[in-house]
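Here is a short briefing to read with the model open beside you. Take a moment to look over the fold first, then come back for the details.

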Amino acid sequence: MLYTSGEMEQQAVLNTAAKLCAAARTAPKAHGKDTIRTLVLTGEDKDRVADKMEEIGTRELGAEKMPAWFGRDADNVRRSQALVLIGAEKTYRGVGVCGFCGFGNCAGCKAAGGNCGFAYVDLGIAVGSAVAEAAIDMVDNRIMYSAGKAAEELYDSNVLWMGVPLSVSGKSIFFDRKPKT
């Protein structure tokens, strides 16, 4: 059987995406609670996130400012072969003495509508572990808040998401990125 470079590169990206999900899942967790969630998107599902990124950028920043990074990031997501979404559930850990969130304790955080600080720690560790795996596999990637924001609106608003688009090409699509005009 003959496999083209495009077919093998797509397979490599999907294999790496699976490894990113595993790395995120097995990453150390603050307070020992696993609230990590992952999704892998390709094709139209991935492009739907890119469309939402542009919509958010226009809505939140105004059309004249959106191209600075939401549009640029959306273009990167479209050009990537896969998008890995890594998230941490917005839960309260019930830590009696903490205040890491800035609200004194879980009851104060919940009353203020805040997010548990441990969720951000867990998300950061999970994303760091995941992109380390992508680097080992030599698959180009970029951590994107903008893709995570779109995922929050499209998939689950009870999860803090970050997006990691993956690409295998002759030159990294994430290098020399220019604002979309």
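The notes below go through the sheet, the cores, the helices, the cavity and a few single residues.

This is a predicted model, in which local features need pLDDT of at least 70 and side-chain atom pairs count only at pLDDT 80 or more, while totals for chains, interfaces and linings use all residues. Residues are numbered from 1 along each chain as its sequence is written, and side-chain values use heavy atoms, with hydrogens and water left out. Helices (H or I, at least four residues) and strands (E, at least two) are DSSP runs, numbered from the N terminus. Buried stands for under 20% relative accessible area, exposed for over 50%, and partly exposed for in between, with a 1.4 Å probe and protein chains only.

**The sheet**

- Four strands make an open, antiparallel sheet in the order β1-β2-β4-β3; strands count as paired if DSSP finds at least two bridges between them.
- The edges are β1 (36-41) and β3 (140-141), each of which pairs on one side only.
- β1 and β2 run antiparallel and are joined by six bridges; Val 40 has Val 84 in β2 as its bridge partner.
- Eight bridges link β2 and β4, again in the antiparallel sense.
- Across that pairing, Ala 82 has Leu 166 in β4 as its bridge partner, and Leu 83 has Pro 165 in β4.
- β3 and β4 are antiparallel over two bridges, with Asn 141 opposite Leu 166 in β4.

**How covered the strands are**

- β4 is mostly covered, with nine of its nine residues buried.
- Val 159, Trp 161, Gly 163, Pro 165 and Ser 167 point one way from β4, while Leu 160, Met 162, Val 164 and Leu 166 point the other way, and all are buried.
- β2 is also mostly covered: seven of its eight residues are buried.

**The nonpolar cores**

- A nonpolar core is a set of buried Ala, Val, Leu, Ile, Met, Phe, Trp, Tyr and Cys residues joined through side-chain atoms within 4.5 Å.
- In soluble globular proteins, nonpolar side chains tend to be buried together.
- The largest core here has 23 residues, and those with the most contacts inside it are Leu 20, Val 84, Ile 86, Leu 123, Val 127, Val 164 and Leu 166.
- Two or more residues of this core come from each of α1 (5-26), β2 (82-89), α5 (117-136) and β4 (159-167), and α5 gives the largest share, seven residues.
- Another core, of 19 residues, lies apart from it and includes Ala 50, Met 53, Leu 83 and Leu 154.
- Leu 166 touches residues including Val 13, Leu 20, Val 84, Ala 134 and Asn 141, not counting residues up to four places away in sequence; contact means heavy atoms within 4.5 Å.

- Helix α6 (residues 145-154) lies across β2 and β4, at about 125 degrees to β4; axes are lines fitted to C-alpha atoms, for helices over the stretch in contact, and angles run from 0 to 180 degrees between N-to-C directions.
- Helix α3 (residues 70-79) is largely enclosed by the rest of the structure because seven of its ten residues are buried.
- Those buried residues of α3 are Phe 70, Gly 71, Arg 72, Asp 73, Ala 74, Asn 76 and Val 77.

**The cavity**

- A cavity is a set of points, on a 1 Å grid over the protein atoms alone, where a 1.4 Å probe fits but cannot get out, and lining residues have an atom within 4 Å of a point.
- The whole structure has one cavity of 30 Å³ or more.
- The largest cavity has a volume of about 80 Å³, taken as the space filled by probe spheres set on the points, with grid points joined across faces, edges and corners.
- Its lining includes Tyr 92, Cys 98, Phe 100, Cys 101, Cys 106, Cys 109, Cys 116 and Phe 118, and α4 (106-112) and α5 are the elements that give two or more residues to it.

**Single residues to look at**

- Met 138 lies in the loop between α5 and β3, and its phi is near 60 degrees, a positive value in a residue other than glycine.
- Met 138 counts as exposed because its relative accessibility is 70%.
- Ser 169, in the segment after β4, counts as partly exposed at 35% relative accessibility.
- The C-alpha atoms of Ser 169 and Gln 81 are separated by 9.6 Å, though the two are 88 residues apart along the chain.

Technical notes. 1 Å grid on protein atoms, 1.4 Å probe; cavity = no way out; pocket = protein on both sides within 12 Å on 5 of 7 lines; lining within 4 Å.
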